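Reader: I would like to learn how to read a model like this one, feature by feature. Where do we begin?

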Amino acid sequence: MKTIIEPFRIKSVEPIHMTSRETRERLIQEADLNLFALKSDDVIIDLLTDSGTGAMSSEQWAALMRGDESYAGSPSYQRFEAVVREVFGIKNVIPTHQGRAAEHLLFGAVGGAGKTVPGNTHFDTTRANVEASGAKAVDYCCAESLDTSSNSPFKGNMDIGRLRDCLAREGQNVPLVLVTVTNNAGGGQPVSLANLRAVRALCDEFGVPLFIDACRFAENAFLISKREDSEKGRPLEDIVHDMFRLADGCTMSAKKDGLANIGGFIAVRNGELARILRERLVVTEGFATYGGMAGRDLEAVAQGLREVLSPEYQEYRHASIQYVVERLAGIGIPVVQPAGGHAIFLDAARFLPQIPWNEFPGQALAIELYIEGGVRSCEIGSLMLAGVDPETGAEIPAERELVRLAIPRRTYTQSHMDYLLEVIEAVWLRREQIGGVEITSAPPVLRHFTGKYRRRQPAPRTAVS
Ligand SMILES: *Cc1c(COP(=O)(O)O)cnc(C)c1O
């Protein structure tokens, strides 16, 4: 059949609270134009994040009841450990309450002043934990990643040339190289097996360990099976084995490809590093056999890690994301191509060319998507990521002005995606009337979470280039 259906039936439903356009105009004003300040009940389609927002399966809910809450040596931990070892092939498994706790433990142990951690693109919590240890996080994503309209298949890849230069220059200060699959901050774009092998070869040459940020390992494996010539059609389990055979360890947020609402882990081959991590674990997370998780959460993640490798599930997930991306591109709406693993990214700089970067086109677009149809998205542009020139103190624009529509796992159906398309198209048709926003108050760091904004009048039409 040509139609790819949701490979599940719905057993429990959560009503969506519908709102009118007038109500949404009022609610977004009351939230000072910050989508993080909205109550989630006032959102019709919530695409703020795909983290911990997915639906669990009936087998996961059943597994919760099996959860054993013993402080030490719980059978739930043994099941969790067995699944992680089987899927990733890494022996020492350390549970944490979510991904950033795993990062905190790892970089607390191997980071520190004078160290440099190269990656394709560090996720924001990863960068924060590297920097909190005193080390420096540097990104060497491949050049193709910067062109939002090119259809290159593996825009999450590491730039091997720049990584080599970095290792040659300061290899003795590099505690590990980190490859994030898929590359979340880089648009959910995958990393090829060939690129991972090339990174591994460099790590061997310079004697540096390779770690993988595994949050979306299954989506990455699926995209390898679709896009990498030598790997086409291989079982996802085998591709995952080949990816992780190259790594000395990994960190994981089970809120993504663990198909759970909370949880994470760190897995390492080196027994001595595992001992150090467990010593730190017991201080900040919990005992070695539960970390930061309840026994029932360990069970839900163990079950989720098996389900996420189902080819039917991955087909459906990517088909729905690709459907939206192709429809948008087809009507000329600027969208990052090709479709990534977990989200759709609108290119707000091209959608609203009349708005300069320092009037935040991405935020202006996200506000309009909410008013138009109650869709909550997230600006990933100069509001979230602007830098500061160390000499002049002036703000530097982000590399791209994007709006991310992250798709929660197994949560929305085809008709929700059609509704989303209708909302985006309605905003597109009135795009010339949309003005930028200015900040009325914001904290000095992570301003996008709590900032307050005001709308500016749209620029006169003649100013549109
Ligand atoms: C979400 C995420 C993290 C952090 O995980 P949390 O569970 O949110 O703490 C780290 N890396 C990547 C790539 C992520 O997407």
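Author: With the naming of elements. Helices of at least four residues and strands of at least two are DSSP runs, numbered from the N terminus. Take one case: Pro 397 sits in the loop between strand E13 (395-396) and strand E14 (402-406). Keep in mind throughout that this is a predicted model.

Reader: Is Pro 397 buried, exposed or partly exposed?

Author: The cut-offs come first. Buried means under 20% relative accessible area, exposed means over 50%, and partly exposed lies in between. Pro 397 has 37% relative accessibility, so it counts as partly exposed.

Reader: Which residues does Pro 397 touch, leaving out those up to four places away in sequence?

Author: Trp 357 and Ser 382. The C-alpha atom of Pro 397 is also 8.8 Å from that of Leu 383, a residue 14 places away along the chain.

Reader: Next, the domains. How is the chain divided?

Author: Into two domains. Domain 1 covers 21-50 + 310-455, and domain 2 covers 58-307. Their C-alpha centres lie 27 Å apart.

Reader: How should I read the interface between them?

Author: The size of an interface is often given as the accessible area lost when the parts come together. Here domain 1 and domain 2 bury about 2200 Å² between them. Carbon and sulfur atoms hold 46% of that area. On the side of domain 1, Pro 338, Arg 400 and Arg 409 lose the most area to domain 2. Together they make up 24% of what that side buries.

Reader: How many residues are in contact across the two domains?

Author: 24 residues of domain 1 are in contact with 30 residues of domain 2.

Reader: What polar links join the domains?

Author: Side chains of opposite charge can pair when their charged atoms come close. Between domain 1 and domain 2 there are six salt bridges. There are also 14 residue pairs in polar contact. Two elements give two or more residues to the side of domain 1 that touches domain 2: helix H12 (311-330) and strand E9 (343-347). H12 gives the most, with six residues. By type, the residues of that side divide into seven nonpolar, seven polar and 10 charged.

Reader: Which residue forms a salt bridge with Arg 409?

Author: Glu 219. The closest N and O atoms of Arg 409 and Glu 219 are 3.1 Å apart.

Reader: How many salt bridges does the whole structure hold?

Author: The structure holds 36 salt bridges. One of them pairs Arg 21 with Glu 372, at 3.3 Å from N to O. Arg 21 lies in helix H1 and Glu 372 in helix H14, so the pair ties together parts 351 residues apart in sequence. Arg 21 is partly exposed, at 31% relative accessibility.

Reader: And salt bridges within a helix?

Author: Look at helix H1 again. Glu 30 forms a salt bridge with Arg 26, with the closest N and O atoms 3.1 Å apart. The two are four residues apart in H1, so about one helical turn separates them. Glu 30 is exposed, at 52% relative accessible area, while Arg 26 is partly exposed, at 45%.

Reader: Last topic: the backbone. What should I look for?

Author: Most residues other than glycine have a negative phi, and most peptide bonds are trans. Now the exceptions. Leu 33 has a positive phi of about 60°. Its place is in the loop between helix H1 (21-30) and strand E1 (45-46). Leu 33 is buried, at 1% relative accessibility. Phe 360 also has a positive phi, near 55°. Phe 360 lies in the loop between helix H13 (348-351) and helix H14 (361-373). At 4% relative accessibility, Phe 360 counts as buried.

Reader: Which residues does a cis peptide bond join?

Author: Val 181 and Thr 182, with omega about -25°. Thr 182 is in the loop between strand E5 (177-180) and helix H7 (193-206). The peptide bond from Gln 337 to Pro 338 is cis as well, with omega near -10°. Pro 338 sits in the loop between H12 and E9.

Methods:
Residues are numbered from 1 along each chain as its sequence is written. This is a predicted model: local features need pLDDT of at least 70, side-chain atom pairs count only at pLDDT 80 or more; totals for chains, interfaces and linings use all residues. Side-chain values use heavy atoms; hydrogens and water are left out. Domain bounds come from an automatic or database domain assignment. Contact means heavy atoms within 4.5 Å. Buried area is the accessible area (1.4 Å probe) that two parts lose on being put together, summed over both. A salt bridge is a side-chain nitrogen of Lys or Arg within 4 Å of a carboxyl oxygen of Asp or Glu. A polar contact is a pair of N or O atoms within 3.5 Å; within protein, one must be able to donate a hydrogen and the other to accept it, and residues adjacent in sequence count only if both atoms are side-chain atoms. Ala, Val, Leu, Ile, Met, Phe, Trp, Tyr, Cys and Pro count as nonpolar, Asp, Glu, Lys and Arg as charged, and the others, Gly among them, as polar. Buried means under 20% relative accessible area, exposed over 50%, partly exposed in between (1.4 Å probe, protein chains only).
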